[in-house]
Amino acid sequence: MARKLFEGVVNFKKEDFEKNKNFFQGLKDGQKPHTFYIGCSDSRIVPNLITKTLPGELFVVRNIANIVPPYEINDGTYKCTASALEYAVKYLNVNNILVCGHSNCGGLKALFYDEEKLSQLVFVKKWLELVKDIKEKVQDIEDIKLREWEAEQLNVIKQLDNLLTYPFVREKVEKGELNLIGWYYIIETAEVYNYNFEKNEFELIN
Ligand SMILES: [Zn+2]
């Protein structure tokens with residue numbers, strides 16, 4: 001399968017790049033993305049594809065279950081998501097931060113793995129401590145599909161809240177210089193539900 005990657009770069013250059021050469025060459029001068037996209041690492045949700053955006057438009061961080069760890073400094077750890085957030089907001093001055101959750105999220109399913117299975121995944125186990133309250137909120141829902149949807153949607157809202165723990169995010173949001181957006185993407189229909197902050201519910205975008 002690695003062969004597919006190597007052939008892919010050759011064909012990309014030969015076909016797509018050549019066909020849109022001016023556009024791609026223009027990117028060399030720098031980036032001015034309008035949106036910082038926080039998504040799950042899941043291979044089925046491709047940020048530029050689902051938003052029909054081009055290279056240069058989205059600044060992206062993806063991790064297990066599209067999580068934004070709450071603001072914390074000087075605790076000695078290396079901060080991937082926070083550093084991308086800081087760069088996007090303070091240096092690139094993006095207009096929007098979009099948290100995109102999705103259906104059938106393996107990261108959130110892992111919250112319900114038994115201890116033995118989870119102990120094989122030490123880093124994932126640790127990472128999911130960031131959303132352990134979500135497990136508590138949904139664990140009484142008997143229908144597993146419903147439980148998963150609820151967990152996935154609550155998770156988007158939680159990460160929007162976590163974004164506001166960053167002073168440089170909160171300040172710009174309060175001044176109206178930065179929009180927070182929460183989406184929930186359904187894999188099998190490509191429907192996207194947008195979080196309405198006032199009504200506290202997700203609404204289908206159409
Ligand atoms: Zn996921």
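**Strand pairing and domain layout**

Y37 stands opposite V60 in strand β2, where strands (E, at least two residues) and helices (H or I, at least four) are DSSP runs numbered from the N terminus. The model is predicted, so that local features need pLDDT of at least 70 and side-chain atom pairs count only at pLDDT 80 or more, whereas totals for chains, interfaces and linings use all residues. Residues are numbered from 1 along each chain as its sequence is written.

Strand β1 (residues 35-40) has 6 of its 6 residues buried, and is therefore largely enclosed by the rest of the structure; a residue is buried if 20 or more other C-beta atoms, placed from the backbone, lie within 10 Å of its own, exposed if 12 or fewer do, and partly exposed in between. Strand β1 runs parallel to strand β2 (residues 58-63), to which 6 bridges join it, two strands being paired if DSSP finds at least two bridges between them. Strand β1 also pairs in the parallel sense with strand β3 (residues 96-102), here over 5 bridges, and the partner that F36 meets in β3 is I97.

Helix α9 spans residues 144-163 and contains L146, which is exposed because 11 other C-beta atoms lie within 10 Å. From L146 to Q159 the separation is 13 residues in sequence and 20 Å in space, taken from C-alpha to C-alpha.

At the level of the whole protein, the domain assignment gives domain 1 (1-29) and domain 2 (31-204), with bounds that come from an automatic or database assignment. The C-alpha centres of domain 1 and domain 2 are 29 Å apart.
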